[in-house]
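I opened a new page for this model. My entries follow in the order I looked things up.

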Amino acid sequence: MADLVGRLRNDSAEQRNAVERCINRFKQWRGLAMRTDKLAIAYQAALRLAAILVWALR
């Protein structure tokens, strides 16, 4: 049972690490980090573009 708990903790830590690394990649885009766009739709478009580029360049 303890081994199962340890594996679950490792899996969740790996998933959390992947999410944190992705967020840090997004933070490198100054426009996304500062949220200088006034319209939400422009911000969403920039976020999606950044996500596509991060995925394509990995």
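I looked up the accessible surface of the protein chain: about 5300 Å², with 58% of it belonging to carbon and sulfur atoms. Such areas come from the Shrake-Rupley method with a 1.4 Å probe, and for residues only the protein chains shown count as cover.

I noted that this is a predicted model, where local features need pLDDT of at least 70, side-chain atom pairs count only at pLDDT 80 or more, and totals for chains, interfaces and linings use all residues. Residues are numbered from 1 along each chain as its sequence is written, and side-chain values use heavy atoms, without hydrogens and water.

I checked confidence (pLDDT, the predictor's value for each residue, from 0 to 100): the chain has a mean of 79, and 86% of its residues reach 70 or more.

I found three helices and zero strands (DSSP runs of H or I, at least four residues, and of E, at least two, numbered from the N terminus).

I placed Trp29 in the loop between helix H1 (2-27) and helix H2 (30-34). Trp29 counts as partly exposed because its relative accessibility is 33% (buried is under 20%, exposed over 50%, partly exposed in between).

Methods:
Buried < 20%, exposed > 50% of the residue type's maximum accessible area, 1.4 Å probe, protein only.
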